[in-house]
Amino acid sequence: MDTATHFAMGFGLAGLAHLDPVVASTPGLAEAVMIGTVIGSQAPDLDGFTRFRGSAAYIRHHRGVSHSIPALSIWTAAVFALVQAISPQAHWLHLLGWIFAAVCLHVFVDLFNAYGTKGLYPFTNKWIAWNVIFIFDPFIFAAHVTGLMLWGAGANPGHVFLWVYLSLIPYYFWRWQVKKRMSETVRTYIGKEGTYTVIPTLSWNQWTFVVQTNHHWYVGEVHGGEVSILDVFTIKPENELIAVAKTDKKVQAFLSFVRHAHVETKKQPFGYEVRWFDLRYRARYSGKSHYMFVAVVYLDNDLNIRDSFVGWIHRGEEQLAKKLDPDKEIQLG
């Protein structure tokens, strides 16, 4: 989920903690729990600091091991130690438990969107993305904001957020059923054997999809039950250009994460361009469609790597051109 929703959930768990009689009756403990749940609800995303090591490091590590099973205990212990240093609590076990709940809730809800996490690492190294909830869900966020407003108005926070979280259970179940229905709708429309992935959007009535068959990628959307195919790409065998470009560490980081990557090669004045793009993220800019999440490698005519880029392109080719230099030579290793 987005940062704002994780923050709201941290405060929501602090409200729910008032159902714990020890938290509700111990002076200072409720405040300490709030500090712990708010920080704990953000802690797994501290892997965002890997941005300072470059986009490839961020792509490889964001929501990776930081969202794994061992990380649950590590984040909990770190946040607990911080809160105890700020506000020591005799009933430390209750504080520890609510911090652990906040960290676990963060990782759990992140499994439901398209980006996913390595939530079952070390048992599996696969990314888990259930594609049920958009990264920002207005209903989930509004439910928490409403709960916080009622708390501020004097309502019992434990009871308020008990109802908030109970209401989210059927909501998640409904979204899961809608996803299954959309998958069947797309499968019936395409009518080919393959791997079908439907992806939520901000609108409840609109989903996007990526379908991989033996020979083609199909990218499209479902709006109000109507299926539209937006792009079709032929899956091409790997050639020497692609093989050389895949030795770039940025590309390796990209391919370790992306499951719907299509690759294209293009002759350029300086040599060759090899580009992978994640078919899940299609957008329009200045009237033209493009794929925002890309890995691009520039090769000279002797197939030496000159420059490479991995990351998000929100403004089309003009933005990408500013990030790549065909005359630059980089060293691998």
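Trainee: Before we start on this predicted model, what makes two strands count as a pair?
Mentor: Two strands pair if DSSP finds at least two bridges between them. In this predicted model, strand 6 (residues 271-278) and strand 9 pair in the antiparallel sense, with seven bridges.

Trainee: Which residues are V296's partners?
Mentor: R275 is the bridge partner of V296, and F309 in strand 10 stands opposite V296.

Trainee: Is strand 9 largely enclosed or open?
Mentor: Largely enclosed by the rest of the structure, because eight of its eight residues (293-300) are buried. In a regular strand the side chains alternate between the two faces of the sheet. Here both faces are covered: F293, A295, V297 and L299 are buried on one side, and V294, V296, Y298 and D300 on the other.

Trainee: Switching topic, how many salt bridges does a search of the whole structure find?
Mentor: Seven. One of them joins R63 and D110, at 3.6 Å from N to O. R63 sits in the loop between helix 4 and helix 5 and D110 in helix 6, so the pair ties together parts 47 residues apart in sequence.

Trainee: Is R63 buried or exposed? And what about D110?
Mentor: R63 is buried at 3% relative accessibility, and D110 is buried at 0%.

Trainee: What does E238 form a salt bridge with?
Mentor: K246, with the closest N and O atoms 2.9 Å apart. K246 is partly exposed, at 30% relative accessibility.

How values were computed: Residues are numbered from 1 along each chain as its sequence is written. This is a predicted model: local features need pLDDT of at least 70, side-chain atom pairs count only at pLDDT 80 or more; totals for chains, interfaces and linings use all residues. Side-chain values use heavy atoms; hydrogens and water are left out. Buried means under 20% relative accessible area, exposed over 50%, partly exposed in between (1.4 Å probe, protein chains only). Helices (H or I, at least four residues) and strands (E, at least two) are DSSP runs, numbered from the N terminus. A salt bridge is a side-chain nitrogen of Lys or Arg within 4 Å of a carboxyl oxygen of Asp or Glu.
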